[in-house]
Protein chains: 2
Amino acid sequence: MAVYTPVSAADLAAFLAGYGVGSAVSFKGIAEGVENSNFLAETTRGRFILTLYEKRVDAGDLPWFLALMGHLAAKGLPVPGPVADRGGQILQELNGRPACLIEFLPGVSLTEATPAAAREVGAALARMHKALADFTTPRPNALGPASWPPLAARCANESGNSRLGEIDADLPQAVERGLAAAADWPAGLPQSAIHADLFPDNVLMLDGKVTGLIDFYFACTDARAYDVAVTHAAWCFSADGRQFFAERAAGLMAGYLAEIDLLPAERAALPRLAAGAALRFTLTRAYDWLNTPAGALVTRKDPMAFARRLTWYLDSTPEMMLGG
Amino acid sequence: MAVYTPVSAADLAAFLAGYGVGSAVSFKGIAEGVENSNFLAETTRGRFILTLYEKRVDAGDLPWFLALMGHLAAKGLPVPGPVADRGGQILQELNGRPACLIEFLPGVSLTEATPAAAREVGAALARMHKALADFTTPRPNALGPASWPPLAARCANESGNSRLGEIDADLPQAVERGLAAAADWPAGLPQSAIHADLFPDNVLMLDGKVTGLIDFYFACTDARAYDVAVTHAAWCFSADGRQFFAERAAGLMAGYLAEIDLLPAERAALPRLAAGAALRFTLTRAYDWLNTPAGALVTRKDPMAFARRLTWYLDSTPEMMLGG
């Protein structure tokens with residue numbers, strides 16, 4: 001939540017000169033996205049987000065992410081489309097970083113979902129999946145089930161002993177149960193390009209409607225039902241994971257199912273997929289927790305918030321996930 | 001350069017309900033100001049900056065700062081005016097912090113000044129001083145000459161030995177010379193409310209004109225010529241302080257003098273005042289440098305950038321400061 005690479009007024013003017021978007025009227029670094037530097041640039045012709053991609057994003061993946069966003073924007077989905085320069089180029093370099101000018105979308109991110117908002121988000125997710133039926137270039141999910149055992153192993157000290165217990169006494173067992181469950185991963189489910197990170201911060205809303213799905217930098221090809229599971233884990237619990245909100249879950253799933261009628265195999269797989277999603281966030285948060293200096297100004301996100309969801313999903317049924 | 005206190009969509013909606021400014025259309029945390037949390041809030045009726053004041057700002061000073069900004073905005077100066085709520089109140093509390101909704105001003109901060117930009121800034125500074133002739137409530141300058149010897153003393157270890165030499169071998173002598181010069185501080189100069197921190201980041205420009213003077217949270221009552229000296233030190237050197245740009249200085253001073261004809265005593269005092277201004281930034285940067293953990297994500301600002309200016313001013317004349 002910071003600007004890592006500064007961009008001066010002169011840098012901006014030179015950058016914008018390559019586009020047909022007018023000249024800068026206002027320019028603010030914004031605290032959005034954990035991985036990249038983002039600026040809100042207003043020009044004489046409109047408003048844009050300028051993103052400089054920092055080290056954690058693989059530059060080789062950017063053309064795929066930007067093509068995905070462009071595909072969805074062109075179909076009228078509420079997704080910010082990348083803007084091409086006068087030469088038709090989308091991906092640029094600025095101050096030593098890959099960079100892209102992207103449409104600005106209105107809306108405000110919810111901090112806590114209501115059932116009605118969850119329904120809108122479920123519907124928006126399904127419409128996104130439908131619009132991606134003809135987006136067939138694959139990108140493997142680098143944070144899929146195969147990555148979880150090695151990621152758990154990296155949460156160990158030099159002697160190979162797990163450090164998860166340093167974070168919370170309940171964490172080692174939750175991860176162990178999650179890994180055991182994920183070893184029997186649902187196969188053969190319908191695939192799609194998926195968002196894979198549709199948390200409330202990545203959804204903009206206005207007057208109860210979704211106006212923006214943003215931050216596609218974890219997007220990949222995977223089971224569409226896994227995207228539903230990630231979104232379920234992100235929207236249907238209290239922040240600390242202690243409380244499940246059945247009405248939000250009912251809203252989210254009703255919104256999705258009104259657009260896409262999940263197959264019986266997908267419905268049956270939901271608890272296992274959601275446990276996997278919760279394990280993915282538990283592990284990435286645990287790794288970051290163990291590798292973030294205590295004095296750093298970055299807010300560490302508590303892995304237990306997702307370990308609790310993981311435990312809930314391991315004991316859940318498809319009916320429970322639908323809020324029944 | 002971060003958001004220290006988060007504000008949720010629900011917090012914002014409840015806050016805005018107290019105003020007659022419509023409801024939120026967009027809301028972004030912005031990386032502006034070192035001390036406070038700032039958000040760009042667009043509503044159905046306009047655009048605003050929402051500022052939450054963090055610990056380093058004394059809440060008791062806020063009414064004075066906000067009155068100053070309101071005074072200047074009401075006179076048509078390019079200063080963001082605080083917005084009153086439906087009950088006429090300007091200063092609020094939000095999430096445990098003092099908070100204020102402030103007009104949004106267009107413009108982009110220059111990183112490096114041109115002589116023409118410096119002239120506009122000089123003129124804007126003088127027009128601000130003129131508009132403050134009837135703003136007579138005083139606020140002492142907490143970072144004035146009386147504060148510099150104790151601040152230098154706080155840059156010492158527990159045994160009382162100065163740590164300035166840990167930063168740079170040239171720093172102790174520069175500070176010593178600066179303190180000696182400041183002991184003979186110019187008295188009896190015309191006073192005004194002054195900005196006292198008019199660095200390029202605190203000036204917004206558009207099409208070569210000043211559209212915003214911002215960040216008044218170091219403002220105080222002091223010699224108006226001291227404000228000129230601070231602005232001179234901020235605008236007329238390379239970032240590292242190694243190079244003086246006479247043309248920028250000529251522009252800045254011509255712009256100011258076209259609006260306010262400084263008295264002979266003020267002109268004569270300029271080198272001493274500017275050495276003091278350079279000492280003030282050298283000392284606050286040195287203190288922050290010595291007290292910022294090396295691993296922290298806050299960018300430490302190099303005290304030598306101002307120690308070099310200090311040395312330059314100690315050897316300068318009023319003519320040199322005017323770019324002659």
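Throughout these legends, axes are lines fitted to C-alpha atoms, for helices over the stretch in contact, and angles run from 0 to 180 degrees between N-to-C directions. The model is predicted, so local features need pLDDT of at least 70 and side-chain atom pairs count only at pLDDT 80 or more, whereas totals for chains, interfaces and linings use all residues. Residues are numbered from 1 along each chain as its sequence is written, with chains lettered from A and ligands numbered from 1 in the order in which they are written.

**View 1. Chain A as a whole, with its 11 helices and 10 strands.** The helices (H or I, at least four residues) and strands (E, at least two) are DSSP runs, numbered from the N terminus. Taken along the principal axes, the C-alpha atoms of chain A fill a box of roughly 55 × 50 × 35 Å. Among the contacts in chain A with a separation of 6 or more, 72% come from residues 24 or more positions apart, a contact being a pair of residues whose C-beta atoms, placed from the backbone, lie within 7 Å.

**View 2. Strands β1, β2 and β3 of chain A, with β2(A) pairing with β1(A) and with β3(A).** Strands count as paired if DSSP finds at least two bridges between them. Strand β1 (residues 24–30) runs antiparallel to strand β2 (residues 37–43) in chain A, and six bridges join the two; on β2(A), A:E42 is the residue opposite A:S26. Between β2(A) and strand β3 (residues 46–52) of chain A there are seven bridges, again in the antiparallel sense, and a hairpin of two residues leads from β2(A) to β3(A). A:T43 has A:G46 in β3(A) as its bridge partner.

**View 3. The open sheet of chain A, built from three strands in the order β6-β8-β9.** The pairing in this sheet is antiparallel. Strands β6 (108–109) and β9 (209–213) of chain A are at the edges and have a single partner strand each, so one side of each is left without a neighbour in the sheet. Strand β8 (residues 203–206) of chain A is joined to β6(A) by two bridges, and A:S109 has A:L204 in β8(A) as its bridge partner. Helix α3 (residues 115–131) of chain A packs on this sheet and touches β8 and β9 of chain A, its direction making about 50° with that of β9(A).

**View 4. Helices α7 and α9 of chain B, packed at an angle of about 55°.** The axes of α7(B) (residues 224–235) and α9(B) (residues 264–290) are 8 Å apart. This makes α7(B) oblique to α9(B), where angles under 35 degrees count as roughly parallel, over 145 as roughly antiparallel, 65 to 115 as roughly perpendicular and the rest as oblique. The contact involves residues of α7(B) including B:Y226, B:V230 and B:H232, and residues of α9(B) including B:E266, B:L270 and B:L273.

**View 5. Helix α10 of chain B beside α9(B) and α6(B).** The axes of α9(B) and α10(B) (residues 304–314) come within 8 Å and cross at roughly 160°, which means that α9(B) is roughly antiparallel to α10(B). Residues making this contact include B:P271, B:F281 and B:R285 of α9(B), together with B:F306, B:R309 and B:Y313 of α10(B). Helix α6 (residues 171–182) of chain B packs on α10(B) at an angle of about 50°, with the axes 10 Å apart, and α6(B) and α10(B) are therefore oblique to each other. Here B:L171, B:A174, B:R177, B:G178 and B:A181 of α6(B) meet B:M304, B:A307, B:L310, B:T311 and B:L314 of α10(B).

Terms used. Two residues are in contact if their C-beta atoms, placed from the backbone, lie within 7 Å.
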